[in-house]
Every structure is written in C-alpha cells, then in structure tokens.
Amino acid sequence: MPGGIAFEFPQLYFTGLWVTIQLSILGLLGALVIGTIVAVMRVSPIAPLRWIGAAYVEFFRNTPLVVQLFFLFLGLPLIGFRFSTDTFEHIFRAAAIGMGVYHGAYVAEVVRGGLLGVDRGQIEAARSLGLSYPQMLRYVQLPQTFRSVIPPLGNIGIALVKNTSLASTIGVTDLLFAAEIVESRTFRAEEAFSAATLLYLSQTAPLGIAVNTLERRMLVAR
Amino acid sequence: MRPDTWPMFLEPAIWGFLFEGLRETIYLALVYVALSFVAGLLFALGRLSRRRWLRWPSIFYIEAVRALPVLLLIVYFGIKGSALFRPIFGPDFELPRFWAGVLGLSMYTSAVLAEIIRAGIVSLPRGQTEAARALGLSHAQTMRSVILPQALRLMVPAMMAQLTTVIKDTSLVGTIGVFELLRQGRTIYTQFFNPVEVLLIVATIYFVICFALSQASRRLELGYVPKAARIKIQDIALRDQAA
C-alpha cells in the first residue's frame, strides 16, 4: 500500500505532519496581519508610508524564501536577536516568521488590489458623512474587499502549505524532514517520499478544491 | 554588526567565488526553463486533446505535481536520480547533481507553464479555430499555424513574470549539493562566520535579477489578454510561487 511506511514510523511522520500544519497556520495568520497592514500603507494618503509599503513588497517578493529563512535563523542571532533561548524553539519561530513575512508580501498585493477595487464613491460618501480616515477603512473600505480577496488568498494558502517544506532546510522537523530521515534509515526512497507526498496532498488537495469551487461561484455571482 | 567583517569583501577572490555561483544559477535557470517550456507545451496540448488517453494522464500530472512542494521533488531526485537511470545507462551511472536539480525543478515548472499556456489557448476566441477548420486545416495544422502563435505571444508577459519564480527556485538545489549562488554564499559564511553580510549580498544579487525581470514583464504588452485569462494566470502565479 502506498504510504504504508507512515505507520511503521508514525512518530516521525505524524509529528512532522503536525509541525507542517502548525507552521502553515502560524504563517498564514502572520501573512494576513502583515499583508493587511502593508496593503493599507500602500494605499494611504501619506507618501512615505506608501514608499515603505512598496519597498517591503518588492524586497520580499524578489528574494528567495530560503535566503530569508537562513537570515532569520543564522543572521539575526549574530546581530544579537534570538527568538528563543532554546535552539529548537528558535528555529521553529524563525521558520514561522519567515513564512509570515514572505507570504505577507503576496497577501499585501492581493489586498491592495481589493482596496483599489472599491468604488471611489463609497469612500467619498463615507468621508463626507464625517467618518475619519481610519474609521472609513475599518467600516467601509476593508469590509468590501473581503469578498473579492478570498479566492486569491486561498491560492496563497496553498503555496504556503507547500513552502513550509523549505523550513526543513534550516532544520525544522517537518514532513519533508521526516521523509528524509526515514529514507536514510531504510533506503526505501519511493515509499518514504510517497508517504510524504500523500500527506502533503491531503492538505493541498482539499484546499485546492475549496478555492476552485469558491472561484466558480464568485464568477457566477459577478 | 561587527565592524571588522566587511573589509574581506574588498578581496576579489570572494566575489569571484560568488560569481561562479551566479553563473551556475543562471545556467541552471536557462536549462531548466527551456526543458520545462517544451514539456509544458506538450502537457498543455495533451490536456486540451480530444483523446482521453492523452487528456487524463496530462490532467493527472499537472494537478498532482502542482499540489506538491518543489523541494520534495528536488530531494527525491537528489537521492534516487542515479538509480532511476541505471537501467538505461548501466549499473555504474551517477546522475550529476546539476541534472538531478534540473529534473526536480523542470518537473514542477513544466506543470505550471502548461497551465499558463492552456489559459492562453483557451482565452482565444472560438472563431479562430472554427475559421481555420472551415478553411480545411487539420486539428494539428490549426494548432501549429493559427492558435499557438497567437496564444504564445499573449502569454509572453505572464511567462516572464514566472521567470522571477524560476530564478528564486534555483536557490533550492543547493540542498542537494549544486553549487549555485546561495550555496556558494553558505560556503563563504561557514568559513568566515559572517552570515549577515554574506546573506545580505546574496539577497541583493537575487533581488536585482528578479526585480529587473518583474519590471520588464510589467512593461511588456503584446496584445489584449481577456479578463478571464488574466484572473486564471494570477491564480497560477499565486499558487505556484515557491521559494
């Protein structure tokens, strides 16, 4: 049975799966928070804020995630900043933060597109009713973007689940790491990697189907 | 930052070492993008084919590969690549690391490019195919001389945008021992204990290349791309941007 090897090494595979899921969820939460803040900066009326936002997006989208991970995990402690005194904890947090900052740049572009898509009349009406700029963002502009950004955010989520595998390069014991350990113990590469493949598919496939269904429904609604 | 770690970058040898890595990165990117484009075109045509034995395997390949992490494919070929080719090239065959990396990267990128090409073909008005067929061209002739030239031209900006991902993904094959840019940088900082400086320089080099490519693709316009195709391509770009 393909993937049966996962039950011979349940400790490795299912701990790995759990770490991958944790990284995905923490990374996605971080990306959403960072992305929304950066997107609001990018459409704000204050020019320096817009520049900082643009610089953030361009920098993090145009450098490899692995380089960012290595920097967070090796570089920061040398400048005197550690995420935790415990090494395992430090690596895990560095990976989670790396996922957040990298995908945050992509989320920012999507949310920005949504914010710019809101009808200008809505914004002007809100402002002329006496809402302050932050109030207008909070009650008028952001809620209206919510609907249109869900499918692209789902796509970023899928990318994020796949990209958590890069954390194995800095030593996080995720699913891919588990497969590599099992392979080096048993030399059964096909089985070791197909088990990891199935476990990755069990996360990305349902997400993919959900995103496609949502997209189709929203195309009809438009 | 410690002040005494920057002067070493006045040494030309350090830069020579980094540029060897950069050369490997660019060479790798060119080779695997060319391979992936050819394979991707075939898979796109397979997916649009009317023959089931061509269509179903193509759909399965594209969807399965796109749902997997690239790094998993790379590590798999890094470990098992040699064994896969031994039945063909004899029992002593060793697959060079470089080609193991090319295999893993192309497998993934071909699926992505197949989807972009398919979006381009599907976005062309039906009238194009119908007119070509009515003029007596066969299905293959229609594809070759009418549909593909138009679709590929429309898809050039989208593919150029994908090139930034292509460059970034090359940084993954360092894990299986290809001496590309990041790997060379790692060798330097394990020698001199200066990861901050080296990683900043490496990141800057990647940034310059990728930023130039993404700006170029944004400036490039080769015709009107319908909205549905643009949405589809944006989805592909978001879902398949790795590393």
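Author: Phe19(B) has a relative accessible area of 42%, so this residue is partly exposed; buried means under 20%, exposed over 50%, and partly exposed in between, with a 1.4 Å probe and protein chains only. The model is predicted, so local features need pLDDT of at least 70 and side-chain atom pairs count only at pLDDT 80 or more, while totals for chains, interfaces and linings use all residues; side-chain values use heavy atoms, leaving out hydrogens and water. Residues are numbered from 1 along each chain as its sequence is written, and chains are lettered from A and ligands numbered from 1 in the order in which they are written.

Trp15(B) is also partly exposed, because its relative accessibility is 30%. Both Trp15(B) and Phe19(B) belong to helix 1 of chain B, residues 12-48, where four residues, about one turn of the helix, separate them. Helices here are DSSP runs of H or I with at least four residues, strands are runs of E with at least two, and both are numbered from the N terminus.

Trp15(B) also takes part in the packing of this helix. Together with Leu18(B), Leu22(B) and Thr25(B), Trp15(B) meets Ile201(B), Val202(B), Ile205(B), Tyr206(B) and Ile209(B) in helix 8 of chain B; contact means heavy atoms within 4.5 Å. Helix 8 of chain B covers residues 195-219, and its axis lies 12 Å from that of helix 1 of chain B, at an angle of about 40°. Such axes are lines fitted to C-alpha atoms, for helices over the stretch in contact, and the angles run from 0 to 180 degrees between N-to-C directions. Helix 1 and helix 8 of chain B are therefore oblique to each other; angles under 35 degrees count as roughly parallel, over 145 as roughly antiparallel, 65 to 115 as roughly perpendicular, and the rest as oblique. The crossing of these two helices of chain B is right-handed, a term for a near helix turned clockwise from the far one by less than a right angle, anticlockwise being left-handed.

Now for the rings. Over all chains, the whole structure holds 17 aromatic pairs; rings of Phe, Tyr and Trp (its six-membered ring) pair if their centres lie within 6.5 Å, with planes under 30 degrees apart called stacked, over 60 edge-to-face, and the rest tilted. Phe7(A) and Phe14(A) make one such pair, tilted, with 5.8 Å centre to centre and 45° between the planes. Phe7(A) counts as exposed because its relative accessibility is 59%, whereas Phe14(A), at 33%, is partly exposed. Rings from both chains come together in one aromatic cluster, formed by Tyr56(A), Phe59(A), Phe60(A), Phe207(B) and Phe211(B).

Chain B has 243 residues, and 51% of them count as buried. Among its contacts with a separation of 6 or more, 78% come from residues 24 or more positions apart.
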